[in-house]
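Student: I'd like to learn how to read a few features of a structure. Can we go through them one by one?

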Amino acid sequence: MGTALGLCPSKELVRKQLQELLENARYQEEVEREGLASCFGICARNHLEETLEKLEEFVKSDVFKKSQGLFSIFKERSEGELEKLRSALVLCYGRVAEAAPPELLHSRLESQILKNILQHGHTKVLGIKVETKDTMLKLSLARSISMISRALAHGNSGNYPGNDTGNSGICPRNGPGASASIARKAELVALMVEFLKAEPPDSLRTRLRQQVLSTCSHLLGPLPALPGPERSALLLAALGSALPLPRTGNGREQPGATDLLQDTLGALRELLQELLQRDLSPHGLQELFAHLGPWIKSPRDQERERALALSKSLLEFFLENLHVSSVTPFYNLSSLLALLAPRCSDGIPKIRADSVDCVRSLLRIQLCYEGFSRDHRDELVEGLELLKEGLENPDFSVLFHTCTHMGSVVGRRIPPEQLLRLLLELFQAWDDPDGNCSRAASVLCNSLLRERGSILQEKVPELLAVIHSKLELVEQEQLRRAAQQSVLILGLQHPKAVLCTLLGSPLPFDSHTCAMWRALGTEPSLASQILEQLLEKLSREIPFKESKSFLLGSSCQRLATPLPLAATCALDELMSAPEAAAAILERFPALFQRLLLRLGCSVGVQLPKFLQNSCREKRGQAANGRSLRPCSCAMETLQTMLARAGNDDVVRDVANSGGWELMEIPERHHDGIALLAAHTCAMWRALGTEPSLASQILEQLLEKLSREIPFKESKSFLLGSSCQRLATPLPLAATCALDELMSAPEAAAAILERFPALFQRLLLRLGCSVGVQLPKFLQNSCREKRGQAAKGRSLRPCSCAVETLQTMLARAGNDDVVRDVANSGGWELMEIPERHHDGIALLAAAMARLCGPRLPPIVRSLVPELGSVFECQRVTSTAFLAELLNHNVVNDLMLLEPLLDALTALEKDSCLLVRVLALRGLGNVASGSPDKIRRHGAQLLASMVNGLDDKDDPNNLLALEAMSSLSKILDHLEERDVQSMLLHVAIRIRPFFDSEHPDLRRSSIVLFGNLSRLGRSDSEVFSEQILNGLVTLLLHLQDPQPDVVKASKFALRVCGPGLGCAELRELFGNHLREERGLHYGEFINHVCKSLMRSHPALLSRLLSTNLFYFKSPWRELRAAAAMFIGFLVLHMDEEQGQQVDLDELISALKLLLKDPVPAVRIKVAETLGRLVRLL
């Protein structure tokens, strides 16, 4: 119909048909209303006048008059029908405007179209404007206004949009109608804002909200531009209407709710982009984010998530459409970064990812404003993309790394003029309601300060003031630590500026200022600089001023000057940080001297007048209980310095004697100082209070120890008496002096400087003192102590050396080593000559575990001592170095090869114990550096074989160590590594199987088992060795020593596969498990049965070997040998029995029948009974 009417030339007919359509339309049906509107729109293309005329007449007709009157508002009889009729009429106007020729539309827009549309947006009852509440009518109004806006923007190109649903995108910004205007634009926008405000924020049931947002987007195109207040109202309403909507997907909402929500949020995004397009500048961006900011920090997850998604979209849109013709400042980069960057630690993964994207977009926009093209890719900025993957399921360390890295990138790319503003705004972000984000802001601040804080020297006072305010407000401990870290970073970059600023803080210092001073003390290098500057302030400034009264006869009054008083308070707080101990020790003499003089200058001095009138004479809450009076302040600072330098005992002793109180009394001040001096007057300890002097004295004492002979041998005239070793006086005195000198806390730096030399010389001194007696002139003395100054310390040479070594380790910061060795009894073992090397090994183990980095210089100094003329020094050095190889730290410190070479060279040492310890050290490589065994296998194996073949080993101690070490090494080698020495070692260790020493039996049997494991494939060579040792191993299953039995089980299990008999292998594997008990008789019966089946040719060898054990010193083995022969006889066949020399066998059994042990005779009798079958 619309098309026909549009082509009809008769205007009268068109009017008639339009009238009929309006009168006969079924307004209750949506399709009918849509069709009617479309019909009028098509007709208006060629008959705009007639169409508007008929609509005007219909508006003025009686059909709308029945809703007039005050009480008609409360009647529901025809209200619904009337709203639908209005909805259709409004829609018709929209379609007409959309299809009208542009040259005709402009002249009729205000007077004929908008007038009537707005008339239906609200009605008047008795002159009062009443807003419509009908959703359908609101939707029609929004759609119609949208059509009008688009028609003006499109310039009506003749493309009829068809069935419009109101979901069109943003209209073109450059076109025929781009300069069109709507005089009542503000009124239309206000109407849309009212619609948005009327929508419930907690539900979304219709498309009205989406349509209104789209309409607002289209309304922004025509002139005039929307004023600032109206833009602000629109933004507030739009964001407030869409962002709080509840999430979908819980299954309770109506179908299509998710799509509707996404479309609504999409319409909001388009509206914001359209607003931004109208002012594509930093100012326009700032306006939008000023309204988005509260939503970005909202406590509700979905609001923050949507706000960050919008932020990301807006920044990407801004970047895509940005065209910078000249280098201009992106003045609000800092505020936007401060708003968006902390969200990278938000609890929602998508928000974290969007935050990173926003920061990246902002930095790319900044690069564009600096003159780079949009296509430019900055390596640092693009690297932020890599952070997103780790933010999906991060822990605290990942979030910290992300914030630190982001802060570093931002710090390198932000313009210097915006750095301070960014920092200040990030400090404000510490108040973020989300704890994670507030902590992220603190990490970003500190990262920025590390990266660019060096350019902020002039801004240090402002930054410290902000940090102080944060300390006043924040309660989270993490944020307080972050604030102190900020002070520390600024202090490292601008120590003088920070010092001057903090010294200018009001006295008394409050707790937050005190915390800032303590933060400066947590970094030793900075603490040293600050201490030096504060000492300079104390030395240069006048400590007090004299004030005379106008009254006759009145005395002068001394008033403290503020700066030295503040410096004294600052020193107290700075030195109270535990980390400042090293800096205090470094400057101890200067500190002690200056604080002592400060104390003297403060006696009888009053506070300045501006502080006298203050009701507070304390330093604040953080320093509660500390007086601000000059003398008390100086005294407390001196106490803090002494305590932090490790002289707590001095502080306590002076306090117990009342010295500190005396120092505050002008008449008794000197007495208090004398008491302080009395506790620090010991000669050697006094020499240690000055680090440079202590270093010189240590060097001279070490020289005495190295050059002087440690002892002399004294022979007695009595026959058969042994030599006695007597300590020489000078090295003994030097050892005592070292102990006293190093007990001074101030000597710590000198000790650390010479730690390797001290450790090496004291270790060797200890080795030379084992078993050494006091000189005779001291033996006869009733005093074997050092005197009152060292009460409780023994003067015996070895004990003295042990105590001195302990003192040196403790003062060098290795108290844990001293405790560890003490807990394992190592110090006591070192004083026992026979166990000295075990104590040294415990010390080496503790050093390797607890202070590995200090070992390289010690090792380098000990290796030459392996050739010392003193055997005791070689033993001590070898024991220490051998134990180090038991720990992987030598591999980490690249000490493995030097130690191997050094210990291998000791194979020919004249001292047996040195050779034993050297082999033990080489075997320790299997525990400390097992992955290096194969690399050094040839060297290690050669040393072990040489140890086995050593002729100067009467008690086989060297052989025992070689076998034990070789067993450990073989676990990490393969057959080809040991093939050349396999047979030699197997033959060499066979005699030890029956050694009278259990350790030798056990070690040799275990080693034989390990050798057989590697020699299985050599069937012709090593299998013969297994057969030769089989009887011995089986008999030692009855060995009186459990460890030997356990070793025999192990060896038989491992040797089983080399016997070539599956039955024996299974038998050994099942019956000889360590955790299983063994019934020997039943077991040996099965073994003999299997042997006779699988190895009948071995019979004579088996019998002869068992006959050999008839003379064994162990009754268990004699009985087992008799039983073994009995079971062999039991399982012989006739042919095998004929090979046996019965006369020899019976003679041997008769002789054994006389054994004094009944158990042996019983087994012999049982065997004789079994021999009957062979007769």
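This is a predicted model: local features need pLDDT of at least 70, side-chain atom pairs count only at pLDDT 80 or more; totals for chains, interfaces and linings use all residues.

Student: Is Ser743 buried or exposed?

Tutor: Ser743 has a relative accessible area of 9%, so it is buried. Ser743 sits in the loop between helix 36 (729–742) and helix 37 (748–753); helices here are DSSP runs (H or I, at least four residues), numbered from the N terminus.

Student: How do I describe two packed helices?

Tutor: You use the angle between their axes and the distance between the axes. Axes are lines fitted to C-alpha atoms, for helices over the stretch in contact, with angles from 0 to 180 degrees between N-to-C directions. Here, the axes of helix 38 (residues 755–769) and helix 44 (residues 855–862) come within 9 Å and cross at roughly 45°. Angles under 35 degrees count as roughly parallel, over 145 as roughly antiparallel, 65 to 115 as roughly perpendicular and the rest as oblique, so helix 38 and helix 44 are oblique to each other.

Student: Which residues of helix 38 and helix 44 meet?

Tutor: Contact means heavy atoms within 4.5 Å. Phe755, Pro756, Phe759, Gln760, Leu763 and Leu764 in helix 38 meet Pro857, Ile858, Ser861 and Leu862 in helix 44.

Technical notes: Residues are numbered from 1 along each chain as its sequence is written. Side-chain values use heavy atoms; hydrogens and water are left out. Helices (H or I, at least four residues) and strands (E, at least two) are DSSP runs, numbered from the N terminus. Buried means under 20% relative accessible area, exposed over 50%, partly exposed in between (1.4 Å probe, protein chains only).
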